[in-house]
Amino acid sequence: MADQTARVGRQDRWFWRLPLAAALGAGAALGQAPWDILFVAILCFAGGCFLFRTALTARVSGWTGWAFGTGYFALALSWIPEPFMVDAARDGWMAPFALAGISGGLALFWALPFWLAHRLRGGLWLLVPLWALAEIARGTVLTGFPWGLPGYAWAPVPAVQWAAVIGTYGLSFVLFALAALLATLRAGPVLIAGAVTAALIGTGAWMGGSIAPDADAPVVRLIQPNAAQHEKWNPDKIPTFFNRQVDYTAAASDPRPDLIVWSETALPTLLNHAEEALAIISDAAGPVPVVLGLQREEDFTYYNSAIVLDGSGTVTQIYDKHHLVPFGEYMPLPGLFRSLGIEALAQRVDGGYGSGPGPRLLDLGKLGQALPLICYEAVFPQDLRGTDRARFLLQLTNDAWFGQYSGPYQHLAQARFRAIEQGLPLLRAANTGVSAVFDARGRMTASLGLGQAGYVDAALPAALPPTIYSRTGDSPLLVLLVLLSLGAIWRATRVSR
């Protein structure tokens, strides 16, 4: 008996468990764009669940969850070093520390459910709801960072349409549950997992029927200047990028677009001093309204903003970004970080940007009302429910910060989920790409690829009736997860008596 206990103890040693957990976590991240390998992701999540099952103590289980999460976020967020390489001579040394810090920090959200589920003896069926709750917390705590939600792994298959019913957090919960069924290594649960997956894909295909095009749909032009981040604010390069966007704005077409959209901070001039530039843009656009991103200052506070420029060249509406990027658009303790030279992500380290008052709609005439999303705001499902229903979603972004590999494609994929969740088309103007139009079921109807300069004209797709998710948000899921957690705890308590 002593020999058997020693042998089991050796098998649970961390020198193999934690590296294996990290490797499985990295494999689970292959469900994210640009890899989009759903079934590898499910199998690797199942591997993480199996490691949870075989942990002997809550402490070991917690460390297993942390290692699994660290591996996951290290690959899913492998674009994190890119902003530090914009000025590599100054900031490049911080890139590996930034990736390690954010990966290990976010992994704490996964360590907690692993530890707690073992500590309460609830097994896999407590781990699953607690893990899903931890993901909701990750998207909320300290303003949240829900990038790389496991639910995005459903993107390449028709089951993605279930985002209109249960949202992306709900799809993450389903993925965790399927992984737990597989981790039992029993025929019955494995067959159930296969049947559920097939049902999700089949019903998703039925839910994702085509949307009839509108013959009179307005036409929108998305402008993509392809200004590399290290050149974007270079005084010698600014005229090149500005003139490029003006030329694209003025380009002849039949029919003439009904709306022209420039990307985030497309105008390198504060709104307060932009009269001449706006007059040039208005002349190029003619009677067509233009939505464009720029910065503005008011009462010594700077804002990352979008404006509507009408056919007469007048600024008629302003939207200020309200969900800011921590350490990117605002910095806690700015004096400390300034002394350390950490300025790679912030335009103004002394306080950064001010936060706008919240979501608001832009009235764009014949196109209807648009809900503007500036860059990072498109990764928050909950932020799209603070206003009346829009006719479409409008994202202005500068993905030059994210490099040329995984980051831009992940941001694009997350924006697509917002269209499906809300049942609304989404227009996306991105500085370096990918600029795209998605219909209300998340199908891409037009695009301009990463790293290209140009513009794309596309008809505005029709909106669908409000989806279940757009009406309820994550409240039903939260109730379900709490009830499942309490049920698993109650069951564990009865069994242990």
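Predicted model: local features only at pLDDT ≥ 70, side-chain atom pairs only at ≥ 80, totals over all residues.
Residues are numbered from 1 along each chain as its sequence is written, and side-chain values use heavy atoms, with hydrogens and water left out. Helices (H or I, at least four residues) and strands (E, at least two) are DSSP runs, numbered from the N terminus.

**Backbone features worth a look**

- Most residues other than glycine have a negative phi, and most peptide bonds are trans.
- V434 belongs to the loop between β9 (426-430) and β10 (435-438).
- D36 is not a glycine, yet it has a positive phi of about 55 degrees; you will find D36 in the loop between α2 (14-28) and α3 (38-54).
- With a relative accessible area of 32%, D36 is partly exposed (buried means under 20% relative accessible area, exposed over 50%, and partly exposed in between, with a 1.4 Å probe and protein chains only).
- D299 also has a positive phi of about 55 degrees without being a glycine, and its place is the loop between β3 (290-298) and β4 (301-309).
- D299 counts as exposed because its relative accessibility is 63%.

**Salt bridges**

- Side chains of opposite charge can pair when their charged atoms come close.
- The whole structure holds nine salt bridges, each being a side-chain nitrogen of Lys or Arg within 4 Å of a carboxyl oxygen of Asp or Glu.
- D258 pairs with K366, and their closest N and O atoms are 3.3 Å apart.
- Because D258 lies in the loop between α11 and β2 and K366 in the loop between β6 (362-363) and β7 (369-374), this pair ties together parts that are 108 residues apart in sequence.
- D258 is partly exposed at 21% relative accessible area, whereas K366 is exposed at 61%.
- E421 and R418 form another salt bridge, with 2.8 Å between the closest N and O atoms.
- These two, E421 and R418, are three residues apart in helix α14 (residues 406-422), so about one helical turn separates them; both E421 and R418 are buried.
- D439 bridges to R443, the closest N and O atoms being 3.2 Å apart.
- In that pair, D439 is buried at 7% relative accessibility, while R443 is partly exposed at 31%.
- A network of salt bridges links R296, E298 and D320.

**Cavities inside the model**

- Rolling a probe the size of a water molecule over the atoms shows where empty space is left.
- Here a cavity is a set of points, on a 1 Å grid over the protein atoms alone, where a 1.4 Å probe fits but cannot get out; lining residues have an atom within 4 Å of a point.
- Grid points are joined across faces, edges and corners, and a volume is the space filled by probe spheres set on the points.
- There are two cavities of 30 Å³ or more, and the largest cavity holds about 90 Å³ of space.
- Residues lining the largest cavity include P225, K232, F241, F242 and N431.
- Helix α11 (residues 238-250) gives the largest share of that lining, with four residues.
- The lining of the largest cavity has seven nonpolar, three polar and one charged residues (Ala, Val, Leu, Ile, Met, Phe, Trp, Tyr, Cys and Pro count as nonpolar, Asp, Glu, Lys and Arg as charged, and the others, Gly among them, as polar).
- The second largest cavity contains about 50 Å³ of space, and D36, Y152 and Q410 are among the residues that line it.
- Four nonpolar, three polar and one charged residues make up the lining of the second largest cavity.

**On the surface**

- V479, V482, L483 and L486 form a nonpolar surface patch with about 370 Å² of accessible area together.
- Patches are made of residues with over 30% relative accessible area and no salt bridge, with nonpolar side chains (Val, Leu, Ile, Met, Phe, Trp, Tyr) joined within 5 Å and like charges within 9 Å.
- Accessible areas come from the Shrake-Rupley method with a 1.4 Å probe, and for residues only the protein chains shown count as cover.
- L483 is part of helix α16 (residues 475-496) and is exposed at 56% relative accessibility.
- W66, in helix α4 (residues 58-76), is partly exposed at 27% relative accessibility.

Definitions and conventions. 1 Å grid on protein atoms, 1.4 Å probe; cavity = no way out; pocket = protein on both sides within 12 Å on 5 of 7 lines; lining within 4 Å.
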